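Student: I would like to learn how to read a few features of a structure. Please take them one at a time, with the general idea first.

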Amino acid sequence: MTLTKMNSNIAIIITAAGSSTRMGGSIKKEYLPYNNGTVLSNCAKTFLKTCLNNNYEITDFIITYPKNHIQACYDAIKADKNLHELICEFKSKYKGEFHFVPGAETRQMSVFNALKAVKGNPHIVLIHDGARPFISEKIITETIENVVKYGAAVPGITPTDTQKEVDEKGFIVRHLQRSLLTAVQTPQGFDFKKLLQAHERGRLDGKEYTDDTEIWGKYVGPVKVIEGDVKNIKITYPGDLEKLQTK
């Protein structure tokens with residue numbers, strides 16, 4: 001079936017199963033307070049608002065969490081009362097599933113767990129980092145539109161610094177053309193069935209993939225890069241916490 005905006009049911013996966021080791025501190029970065037809720041709840045809220053406002057039917061809304069962290073993850077979502085109202089609206093309007101899925105040792109396996117947990121019959125899946133709370137409706141809708149057109153899409157930013165490839169000893173071995181490079185963000189969007197099949201094959205080939213565009217590129221085909229947003233950063237280091245205080 002050819003995908004169109006009108007027939008494209010969507011599954012949303014927000015990954016929050018990482019360890020946040022680079023942040024330090026006692027609170028996992030996705031659970032940090034932000035915008036009347038948490039970093040994680042803000043991600044979920046933006047996706048639900050976008051899909052409800054644009055009449056995208058959501059079949060499944062999945063959040064991955066570290067093993068034995070289900071209560072902390074649930075509390076991070078429950079912290080935002082406005083999000084609770086959106087979840088109720090989503091369930092009522094689309095009869096979809098909002099559920100939590102345990103992650104695994106790698107991001108690849110966590111996403112695979114989430115893909116297998118999808119209960120509906122989506123045409124598209126969007127996969128987003130739970131530590132990117134500044135995601136916009138514009139990026140989400142443009143990702144969906146380009147998945148409909150190309151089968152796979154991801155927002156990306158052209159690097160501002162000149163890029164070089166170095167060898168294992170730290171010497172430059174190749175001078176890269178900056179205009180042909182991109183730093184990919186999320187959400188990463190795909191034809192659901194094809195991505196699931198690619199993950200099933202990738203799970204057995206002995207390679208660890210850094211993200212879903214790499215798995216798609218290996219087993220399906222090219223991924224369309226759309227213009228990303230410099231504000232759509234991933235909370236990674238302690239210095240990023242300042243950005244949570246600006247709203």
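Student: Where is Asp205 found?

Tutor: Helices (H or I, at least four residues) and strands (E, at least two) are DSSP runs, numbered from the N terminus. Asp205 is found in the loop between helix 6 and helix 7. This is a predicted model, in which local features need pLDDT of at least 70 and side-chain atom pairs count only at pLDDT 80 or more, while totals for chains, interfaces and linings use all residues. Residues are numbered from 1 along each chain as its sequence is written, and side-chain values use heavy atoms, with hydrogens and water left out.

Student: Is Asp205 buried, partly exposed or exposed, and which residues does Asp205 touch?

Tutor: Buried means under 20% relative accessible area, exposed over 50%, and partly exposed in between (1.4 Å probe, protein chains only). At 30% relative accessibility, Asp205 is partly exposed. Contact means heavy atoms within 4.5 Å. Leaving aside residues up to four places away in sequence, Asp205 touches Lys218 and Tyr219.

Student: Which residues of helix 7 are buried?

Tutor: An α-helix has 3.6 residues a turn, so residues three or four places apart point the same way. In helix 7 (residues 212–219), the buried residues are Asp212, Thr213, Ile215, Trp216 and Tyr219. They lie on the same side of helix 7 because they cover an arc of only 160 degrees around the axis; the arc is that of the directions from the helix axis to the C-beta atoms.

Student: What do the buried residues of helix 7 pack against?

Tutor: Their partners are helix 4 (107–117), strand 6 (124–129), strand 7 (152–157), strand 11 (188–191) and helix 6 (192–202).

Student: How many aromatic pairs are there?

Tutor: A pair of aromatic rings is described by the distance of the centres and the angle of the planes. Rings of Phe, Tyr and Trp (its six-membered ring) pair if their centres lie within 6.5 Å; planes under 30 degrees apart count as stacked, over 60 as edge-to-face and the rest as tilted. By this rule there are five aromatic pairs. One of them, Tyr74 with Phe100, is edge-to-face, at 6.1 Å centre to centre and 65 degrees between the planes. Tyr74 lies in helix 2 (residues 70–78) and Phe100 in strand 5 (residues 97–102), so this pair ties together parts 26 residues apart in sequence. Tyr74 is partly exposed at 38%, and Phe100 is partly exposed at 21% relative accessibility. The rings of Phe190 and Trp216 have centres 5.4 Å apart and planes at 35 degrees, so that pair is tilted. Phe190 and Trp216 are both buried.

Student: Which residues do ring pairs link into a cluster?

Tutor: The cluster holds Phe61, Tyr74, Phe98 and Phe100.

Student: How many disulfides does the structure hold?

Tutor: A disulfide is a pair of cysteine sulfur atoms within 2.5 Å. The structure holds zero. For Cys43, the closest cysteine sulfur is that of Cys73, 11 Å away and too far for a bond. Cys43 is buried, at 0% relative accessibility. For Cys88, the closest is in Cys51, at 17 Å, again too far for a bond. Cys88 is partly exposed, at 39% relative accessibility.

Student: Where is Arg132 found, and which side chain does the side chain of Arg132 make a polar contact with?

Tutor: A polar contact is a pair of N or O atoms within 3.5 Å; within protein, one must be able to donate a hydrogen and the other to accept it, and residues adjacent in sequence count only if both atoms are side-chain atoms. Arg132 is in the loop between strand 6 and helix 5 (137–150), and its side chain makes a polar contact with that of Thr186 (3.4 Å). Arg132 is buried, at 10% relative accessibility.
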